[in-house]
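Work through the exercises below with the sequence and the structure at hand. Each task is followed by a solution in steps.

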Amino acid sequence: MSMLVIVLASAAILSVAYLTYGPLLVRLLKLDPKAQTPAYELRDDVDYAPLAPNELLSQHFSAIAAAGPIVGPILAGVMFGWLPALIWILVGSILIGGVHDFTALVASIRHKARSIAEVVRDHMSRRAFVLFLSFVWLALVYIIVAFTDVTAASFVGTQTLENGETVTGAGIASSSLMYLALPIIMGLLQRYAKLSVGWAIIIFLPMVGVSIWAGQYLPVDMTAMLKLVYPAANDAMAHKTWDFLLLAYCCVASVVPMWLLLQPRGHLGGYFLYVALAAGAVGLLFGGAEVKYPYFNGWTTAKGETLFPVLFITIACGACSGFHSLIASGTTSKQLRYETDARVIGYGAMLLEAMVAIVSLSCVMILAKDAPLLKDGQPNLIYAQGIGALLEQFSAFVRARGWSGFHLSSQLTVSFALMAFTTFVYDTLDVCTRLGRYIIQELTGWHDAKGRWMGTLLTAGVPVFFVMQSINGVDGKPAPLWRVFWALFGASNQLLAALTLLGVTVWLWQTRRELWVLFVVGLPTVFMYTMSTWALGRMIYNYVRQLQGPTSPQQITYVLLGISILLLVLALAMLVEAVMALTRSSNGGSRPNAPTPAMVSG
């Protein structure tokens, strides 16, 4: 089967959903283009500032599209076959993930652009607010651990391509460091030289390409540097060192002014990711690739992982992600120009991320089941070499039509794809650390400089403990840290989506009392809650089994077991709070911190 057929059909389905279900959501939520949004009502040009939809879309998309839509689809596609993964990406993004992002954004703007946690406090209780924030903080820690470790893996070792060219992790590390410097320079020029966003993108986006090309010629070889002080150093030590340095970066990036790094990188990264998505699409459309991987591998993998619920927590971003609600209600809602812009920002960005997931899944689909690349199972390398192969086929397509001098080096294309992967991650790492710091400050009341640093060090410091560990998988064999934490991240992230939908359901039912609420947001809540708690329960069972195994249990297993149980308890407590809030509402009782009419107008 041709990849072109699958990609075009998927794009058509997502487009039809945007043009039909998107407007329906606008009507159901009664979005008013004339209503004053918090971006204008509370405008301070620091946090609250209206932004044109195209600029806000790039910023929002850059923040939500992390490694999830790459890693998850590749892992799930390899495990269960490409068809179950594709179906979940399409159905999940249209009916669950898009609804989740859209309603979280609308709920925030209807509550003065406050966070989804504060919406929970208004419509449930202060206790539910604390439970929700605690759950979110733990989920953020899991995200930071998983994304830090999978990124550090890209910075070590050497990949030999089929044509004999090599791509070094040290070169990717160098390109990444150069990329991080660009938005800082861009931010300084925007602030002090009054450089417009448009000119900044025109100037700096090509420089990202230069950094990708230059990285392989100016490598930052951490293994070699460590050997200068410790001759026995190896790639594993270099990997751990990059883990630590990335977390140190998170600390700094989460406290510097937003104009210096977060905002310019959001603009620059967003457009670069558009280029990455376009590059994959071009390769798929004109490369003539054929599907080789099996469409279905069975309901259970060789390691005992079952399609239900594992598929639905492995593919998080790209189908549905609770993390998106934190972005939507944390920063995006403060910059939404008109209420109706929520359709393109909330719903549209989720469908765009689904296309990123489909392009990532395609990198599995073009491989044979016994391909050597699949044995290592590193999704960043599968993605990079897949994109490289697609672009190489596109290059051959162009040459065959008379452009004999057109050639895309495999080394350049694979470096480009790995750079795109790390760009996705950078935007998420420091945003997660910043959000974690906000949560610590909110829970403790430490809003001064000491609280800012304490919250940051705690949020980035806890992951240090995890990334320094060596972990065994369920089979008792050593496993990559990111691989173990990906399942934990997926379960907690999907459960966060369920809790967000739960809060939105309570809000809409209390303010609307219309049957559509139960179908549009209620059913997605039930589905996500079921899959994620089921997955957490399986993890708890597996950890207990590991502790009772014949080998000496690892101390880290006790920690992971304890946190998994805590997440499940917090989720169940939140469900109880929601039921109590709905019961009070049905009985006509008052609810704590009831919103003013302005909060629920429209």
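**Exercise 1. Aromatic pairs**

Find how many aromatic pairs this predicted model holds, and classify the pair formed by Trp 213 and Tyr 217.

Solution. Step 1: a search of the whole structure gives 19 aromatic pairs. Step 2: for Trp 213 and Tyr 217, the ring centres are 5.3 Å apart and the planes meet at 45 degrees. Step 3: planes under 30 degrees apart count as stacked and those over 60 as edge-to-face, with the rest tilted; the pair of Trp 213 and Tyr 217 is therefore tilted. Step 4: Trp 213 and Tyr 217 are both exposed.

**Exercise 2. A pair between distant parts of the chain**

Describe the geometry of the pair Phe 312 and Phe 527, and state which helices hold the two residues.

Solution. Step 1: the centres of the two rings, Phe 312 and Phe 527, are 5.3 Å apart, with 90 degrees between the planes, and the pair is edge-to-face. Step 2: Phe 312 belongs to helix 13 (residues 307-314) and Phe 527 to helix 21 (residues 516-547). The two residues are 215 residues apart, and the pair links distant parts of the chain. Step 3: Phe 312 has 8% relative accessibility, so Phe 312 counts as buried. Phe 527 has 27%, so Phe 527 counts as partly exposed. Step 4: both residues also belong to one aromatic cluster, together with Trp 88, Phe 296, Trp 299 and Phe 308.

**Exercise 3. Charges over rings**

Which rings have Arg 121 and Lys 450 over their faces?

Solution. Step 1: Arg 121 lies over the face of Phe 129, 4.3 Å from the ring centre. Step 2: Lys 450 lies over the face of Trp 446, at 5.9 Å from the ring centre.

**Exercise 4. Cavities**

Find how many cavities of 30 Å³ or more the structure has, and describe the lining of the largest cavity and of the second largest cavity.

Solution. Step 1: the search finds two cavities of 30 Å³ or more. Step 2: the largest cavity holds about 200 Å³ of space. Its lining has 17 residues, and those nearest the centre are Gln 59, Ala 63, Leu 262, Thr 331 and Val 431. Step 3: helix 3 (53-64), helix 12 (262-286) and helix 18 (410-444) each give two or more residues to this lining, and helix 18 has the largest share, five residues. Step 4: sorted by class, the lining of the largest cavity has seven nonpolar, seven polar and three charged residues.

Step 1: the second largest cavity has a volume of about 40 Å³. Leu 273, Ala 276, Leu 277, Val 356, Val 359, Tyr 383 and Phe 424 line the second largest cavity. Step 6: helix 12 and helix 15 (342-365) each give two or more residues to this lining, with helix 12 giving the most, three residues. Step 7: the lining of the second largest cavity has seven nonpolar residues, no polar and no charged ones.

**Exercise 5. Cysteines**

Solution. Step 1: a disulfide needs two cysteine sulfur atoms within 2.5 Å. Step 2: the count is zero disulfides. For Cys 250, the nearest cysteine sulfur is that of Cys 251, 7.1 Å away. Step 3: the closest cysteine sulfur to that of Cys 432 is in Cys 250, at 8.4 Å, which is too far for a bond. Step 4: Cys 250 is buried, with a relative accessible area of 0%; Cys 432 is buried, with a relative accessible area of 0%.

Technical notes. Residues numbered from 1 in each chain as written. Predicted model: local features only at pLDDT ≥ 70, side-chain atom pairs only at ≥ 80, totals over all residues. Heavy atoms only, no water. 1 Å grid on protein atoms, 1.4 Å probe; cavity = no way out; pocket = protein on both sides within 12 Å on 5 of 7 lines; lining within 4 Å. Points joined across faces, edges and corners; volume = space filled by probe spheres on them. Helix = DSSP H or I, 4+ residues; strand = E, 2+ residues; numbered from the N terminus. Nonpolar A, V, L, I, M, F, W, Y, C, P; charged D, E, K, R; others polar. Phe/Tyr/Trp six-rings, centres within 6.5 Å; stacked < 30°, edge-to-face > 60°. Buried < 20%, exposed > 50% of the residue type's maximum accessible area, 1.4 Å probe, protein only. Lys NZ or Arg CZ within 6 Å of the ring centre and 35° of its normal.
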